[in-house]
Amino acid sequence: MGLPGRAKVLAAALGGSGVVHLVRPRTYEWLVPPELGDARRWVLASGVAEIGTAVLMAAPATRRAGGWAAVGLLAAFVPAHLHTIRVVPKKPLPLAVAALRLPLQVPMIGIALRVARGR
């Protein structure tokens with residue numbers, strides 16, 4: 001059984017984002033709340049986690065585990081999204097983009113939950 005369409009998109013997004021985290025970590029370092037410490041380590045670790053989650057979701061035998069991993073990963077990104085709103089330039093477009101990222105987590109977590117539950 002193939003990966004359902006929305007889950008395919010989520011796995012591709014996580015995998016692609018993970019690759020960018022590893023290849024161009026500076027792109028994401030400013031998103032890490034300084035309270036968490038070394039931003040480079042967080043970015044690299046989250047990149048590995050995103051790629052691993054995408055791989056788990058792609059294989060039928062580990063798909064449900066990948067769905068649960070995606071739920072946890074997406075929930076763990078919430079502090080970074082809140083931090084982005086805090087530090088983004090106070091101009092309409094950057095603020096709008098930062099503000100939209102947070103509610104987008106809800107449908108992505110919903111997709112991940114469907115995958116985790118085998119639906």
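Student: How are H3 and H4 oriented to each other, roughly parallel or roughly antiparallel?

Tutor: Let's start with what we are looking at. This is a predicted model, in which local features need pLDDT of at least 70 and side-chain atom pairs count only at pLDDT 80 or more, while totals for chains, interfaces and linings use all residues. Residues are numbered from 1 along each chain as its sequence is written, and side-chain values use heavy atoms, leaving out hydrogens and water.

Now the general idea. Helices (H or I, at least four residues) are DSSP runs numbered from the N terminus. Axes are lines fitted to C-alpha atoms over the stretch in contact, and angles run from 0 to 180 degrees between N-to-C directions. Angles under 35 degrees count as roughly parallel, over 145 as roughly antiparallel, 65 to 115 as roughly perpendicular and the rest as oblique. Here H3 and H4 pack at about 150°, with axes 6 Å apart, and are therefore roughly antiparallel.

Student: Which residues of H3 and H4 make the contact?

Tutor: Contact means heavy atoms within 4.5 Å. From H3 come Ala49, Glu50, Thr53, Leu56, Met57 and Ala58, and from H4 Arg63, Gly66, Gly67, Ala69, Ala70 and Leu73.

Student: At what angle do H5 and H6 pack?

Tutor: Helix H5 (residues 78-87) meets helix H6 (residues 92-116) at about 160°, their axes 9 Å apart. H5 and H6 are therefore roughly antiparallel too. On the H5 side the contact uses Val78, His81, Leu82, Thr84 and Ile85; H6 brings Leu95, Ala98, Ala99, Arg101, Leu102 and Gln105.

Student: Which residues touch the most other members of the largest nonpolar core?

Tutor: In soluble globular proteins, nonpolar side chains tend to be buried together. A nonpolar core is a set of buried Ala, Val, Leu, Ile, Met, Phe, Trp, Tyr and Cys residues joined through side-chain atoms within 4.5 Å. Buried means under 20% relative accessible area, exposed over 50%, partly exposed in between (1.4 Å probe, protein chains only). The largest core has 15 residues, and Leu10, Leu14, Met57, Ala70, Leu74 and Ala112 touch the most other members. Helix H1 (5-23), helix H3 (39-58), helix H4 (63-76) and H6 each give two or more residues to this core.

Student: What does Leu14 contact beyond its neighbours within four places in sequence?

Tutor: Its partners are Glu50, Ile51, Thr53, Ala54, Met57, Ala70, Leu73 and Leu74.

Student: Is Ile51 buried or partly exposed?

Tutor: Ile51, which lies in helix H3, is partly exposed, with a relative accessible area of 27%. Not counting residues up to four places away in sequence, Ile51 touches Leu14, Gly15, Gly18, Val19 and Leu22.
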